[in-house]
Protein chains: 2
Amino acid sequence: MKTRKILLPEKELPRKWYNVQADLPTPLEPVLHPGTGQPVGPDDLAPLFPMPLIAQEVSQERFIDIPDEILEKYLIWRPTPLYRAYGLEKALDTPAKIYFKNEGVSPAGSHKPNTAIAQAYYNKISGIKRITTETGAGQWGSALAFSCALFGLECKVYMVKISYNQKPYRRMMMETWGANCVASPSTETNAGKKILSQNPDSPGSLGIAISEAIEAAVSDKTGQTRYSLGSVLNHVLMHQTVIGLECQKQMKIAGDYPDIVIGCAGGGSNFAGLALPFVRDKINGKKIDIIAVEPASCPTMTKGPFAYDFGDSVQMAPLAPMHTLGHTFVPAPIHAGGLRYHGMAPIVSQLILDGIVRPISIQQLETFKAGITFARAEGFISAPETNHAIAAAIREAVKAKEEGKKKVILFNWSGHGLVDMAAYEAYLSGKLKDHALPEAEIQRALKDIEPLPKPRQYRAGAF
Amino acid sequence: MKTRKILLPEKELPRKWYNVQADLPTPLEPVLHPGTGQPVGPDDLAPLFPMPLIAQEVSQERFIDIPDEILEKYLIWRPTPLYRAYGLEKALDTPAKIYFKNEGVSPAGSHKPNTAIAQAYYNKISGIKRITTETGAGQWGSALAFSCALFGLECKVYMVKISYNQKPYRRMMMETWGANCVASPSTETNAGKKILSQNPDSPGSLGIAISEAIEAAVSDKTGQTRYSLGSVLNHVLMHQTVIGLECQKQMKIAGDYPDIVIGCAGGGSNFAGLALPFVRDKINGKKIDIIAVEPASCPTMTKGPFAYDFGDSVQMAPLAPMHTLGHTFVPAPIHAGGLRYHGMAPIVSQLILDGIVRPISIQQLETFKAGITFARAEGFISAPETNHAIAAAIREAVKAKEEGKKKVILFNWSGHGLVDMAAYEAYLSGKLKDHALPEAEIQRALKDIEPLPKPRQYRAGAF
């Protein structure tokens with residue numbers, strides 16, 4: 001019988017994260033203070049993050065040890081299986097070999113706990129008692145809630161109100177793990193109160209929720225609260241590299257090496273988690289097509305310039321050098337909520353600029369069609385975000401058939417869709433639609449940023 | 001680092017199911033025809049099931065080969081991990097070692113596909129094109145939908161209307177896998193129409209849904225439709241023994257052997273799947289406490305006599321020798337929908353009668369408290385049914401602490417609760433309650449059955 005899952009024994013769990021900053025052809029531009037426009041230093045970040053994470057954010061070490069306490073928690077679901085997608089290959093009648101890394105086996109159902117566990121741990125050993133964060137559809141909030149439960153930390157999640165009301169299951173997961181989850185804008189912060197005074201019916205946004213979470217962290221006078229972000233930042237991407245590091249061992253066991261590596265990209269963390277160890281190989285001479293897939297309705301990488309822009313819409317977060325559509329860009333309400341971010345991780349952005357990562361965009365209907373094909377061929381129901389990676393893998397597998405080439409395709413199956421079934425219902429009932437490329441909205445939002453290397457004048461922020 | 005998950009490589013997947021009928025101290029009583037009261041033969045069952053499954057139902061062979069085509073599909077998620085529950089042990093401060101078998105890693109999220117895959121396969125090779133079934137909350141229906149998708153079979157699911165409306169996610173899963181799911185009572189069958197003419201607002205019941213699914217199967221004049229049941233029957237329990245067979249190998253790797261084996265029991269299939277291989281060991285002299293856990297509000301095993309009773313409420317299904325509360329028993333609306341069946345698998349019933357399996361019952365609030373403890377200590381959110389097994393394991397672990405004994409406890413983590421989050425919300429918000437033992441309802445329903453060995457007079461059924 002043919003091997004379907006390439007499993008690693010627990011002792012093969014990677015003991016170090018890979019830090020691509022040691023190998024980047026072009027070093028990252030500094031992150032700037034939103035108030036002064038000057039590069040931020042550790043002291044600027046100290047109210048937000050514990051020192052070990054700040055140190056990781058700027059580290060140039062190639063490998064960073066994973067503490068035993070984190071490894072022990074990783075073992076709850078890691079190493080994750082690498083699958084050979086025989087069912088999908090057969091359904092597509094392709095000569096390509098398709099592999100996918102199943103990150104959906106974590107208790108939260110996605111790759112997000114890879115960094116949530118690490119962040120909870122470093123906060124814990126830094127004497128922090130409480131972590132605040134924001135969440136959109138709830139993937140990140142639930143991953144952090146799960147991780148805080150394991151380390152005995154309090155967790156406070158500001159969840160975008162429209163999702164809080166429309167997608168209650170993720171909120172209930174957070175509460176089951178003991179987190180306190182409130183709809184944002186809330187009356188618990190000045191930022192929330194201000195928004196509500198202007199618009200009592202505000203549906204909320206990630207930008208507002210970030211502002212509330214940051215305010216709740218920095219305004220705790222005991223100094224025992226910090227803030228946490230689930231993507232974009234360097235240390236977050238680094239924590240995710242356990243995915244790609246495991247994959248490299250597993251591909252070796254399978255006796256293959258990928259010609260094509262694919263991940264969907266919102267903030268960039270699941271894509272980078274799989275891709276960065278292969279980026280290292282590519283920098284060292286390997287020929288690999290490394291593809292980051294974004295939704296056509298939020299084309300950050302394919303349509304956004306590389307520029308300094310705020311991480312949040314209300315200009316409290318630092319300015320990052322990245323591909324961005326502008327911090328006031330409002331993407332269409334697609335179901336892949338995790339891919340609706342206006343910016344992109346600086347590391348991923350720089351790799352695109354340097355021609356190492358190839359970004360593409362795909363429309364919503366194609367991604368759900370891919371998700372249905374996958375579910376009926378491989379069994380697993382994927383998150384709407386993950387369907388973008390599947391759609392790209394299918395495109396490449398079809399191309400391989402047309403060209404008669406035996407390509408090896410590897411993609412990150414970043415999470416399951418069991419808490420996103422309403423999106424499938426919308427697709428199956430014909431209610432879902434593609435969204436025209438929002439050119440006017442892009443042009444509007446882009447007026448608010450300026451390209452590198454000329455930083456704009458920054459409004460004083462609360463950061 | 002301590003091993004958390006005991007993994008089996010794919011080549012260690014069991015190649016045979018274990019058929020406990022070869023070892024039962026007391027052979028099973030025959031199943032009777034609902035119309036004649038006479039033992040059913042293969043011809044009676046042929047309109048419902050394909051011949052290979054009918055043969056398995058009565059086989060006395062100790063081991064039955066698992067065909068390669070089934071093994072290949074099992075590999076999508078099997079072998080499943082056996083976990084050492086370090087987090088739970090620590091939370092309980094117990095000297096007991098707790099192990100759980102994670103059956104939640106299947107695409108449908110529970111153990112149900114172990115038999116759904118097998119049933120789909122045997123229907124497929126018997127020339128059947130379409131399978132009908134009923135489902136309550138949707139676990140079974142989604143498992144069969146998933147399995148039919150993999151084998152290219154049509155799948156028709158009659159889902160109890162109140163669940164169809166209240167729990168749409170499972171229905172959407174079935175549709176994503178290509179199944180056709182209708183609310184029962186429906187207007188598609190005479191049984192459904194009859195109920196609707198009497199009560200247009202009928203919320204439906206498993207009994208009605210079974211009638212519809214059976215009618216839809218037997219009334220297909222092409223002869224290409226069969227019916228499928230997800231629990232209770234001998235062949236269903238046998239397919240589930242891959243769980244326990246894997247566990248025996250994994251416990252050996254762990255260097256332990258269980259003193260206590262626990263599963264929750266509704267129809268009996270996940271319990272039996274784990275327990276039967278250990279039942280064999282017990283029959284051969286091993287000292288093991290094998291515990292089947294049921295809800296206190298549906299105390300089939302602990303309060304129901306062993307008698308002949310109908311498998312469904314409308315007397316279309318055969319009469320089975322089993323512990324039963326009577327086929328008209330209506331349990332309280334607890335959230336563990338999979339444990340609300342009036343009867344119990346004949347195999348499990350006989351093992352209780354013979355003193356090999358020890359049944360216990362637990363109230364709803366204790367099970368959810370256990371589920372919360374588990375989620376915060378081990379990470380995974382459990383199905384409400386599974387919480388019954390966890391609650392029993394916690395009771396035994398606490399007892400071990402009180403007695404200072406180093407017991408080894410093994411339970412079946414039969415499924416995750418990600419599609420059941422509303423139940424957790426109800427618990428956390430204090431809205432959930434225990435239900436008094438329904439003595440009056442039990443006495444009422446029991447009047448309709450008679451104990452063995454004197455079979456009652458049977459009404460002519462449509463079977």
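Visitor: Is Phe374(B) buried or exposed?
Guide: This is a predicted model, in which local features need pLDDT of at least 70, side-chain atom pairs count only at pLDDT 80 or more, and totals for chains, interfaces and linings use all residues. Residues are numbered from 1 along each chain as its sequence is written, chains are lettered from A and ligands numbered from 1 in the order in which they are written, and side-chain values use heavy atoms, with hydrogens and water left out. Buried means under 20% relative accessible area, exposed over 50% and partly exposed in between, with a 1.4 Å probe and protein chains only. With a relative accessible area of 0%, Phe374(B) is buried.

Visitor: How are the rings of Phe374(B) and Trp413(B) arranged?
Guide: Rings of Phe, Tyr and Trp (its six-membered ring) pair if their centres lie within 6.5 Å; planes under 30 degrees apart count as stacked, over 60 as edge-to-face and the rest as tilted. By this rule there are 39 aromatic pairs over all chains. For Phe374(B) and Trp413(B) the centres are 6.2 Å apart and the planes at 25 degrees, so the pair is stacked.

Visitor: How many residues apart in sequence are the parts that this pair ties together?
Guide: Helices (H or I, at least four residues) and strands (E, at least two) are DSSP runs, numbered from the N terminus. Trp413(B), buried at 2% relative accessibility, lies in strand E15 (residues 408–413) of chain B. Phe374(B) belongs to helix H16 (residues 364–378) of chain B, so the parts tied together are 39 residues apart.

Visitor: Which arrangement do Tyr74(A) and Trp77(A) adopt?
Guide: Both Tyr74(A) and Trp77(A) are buried. Their rings lie 5.9 Å centre to centre with 75 degrees between the planes, and the pair is edge-to-face.

Visitor: Why is H10(A) described as largely enclosed?
Guide: Helix H10 (residues 206–218) of chain A reaches 18 Å from its first C-alpha to its last. Its cover, by contact (heavy atoms within 4.5 Å), includes strands E6 (130–135) and E7 (154–160) of chain A. H10(A) is largely enclosed by the rest of the structure because its buried residues number 11 of the 13.

Visitor: What relation superposes chain A on chain B?
Guide: Copies are superposed by least squares on the C-alpha atoms of residues with pLDDT of at least 70 in both. A rotation of 180 degrees with 0.0 Å of shift along its axis brings chain A onto chain B, with an RMSD of 0.0 Å. That is the relation of a two-fold axis.

Definitions and conventions. Expected span 1.5 Å × (residues − 1).
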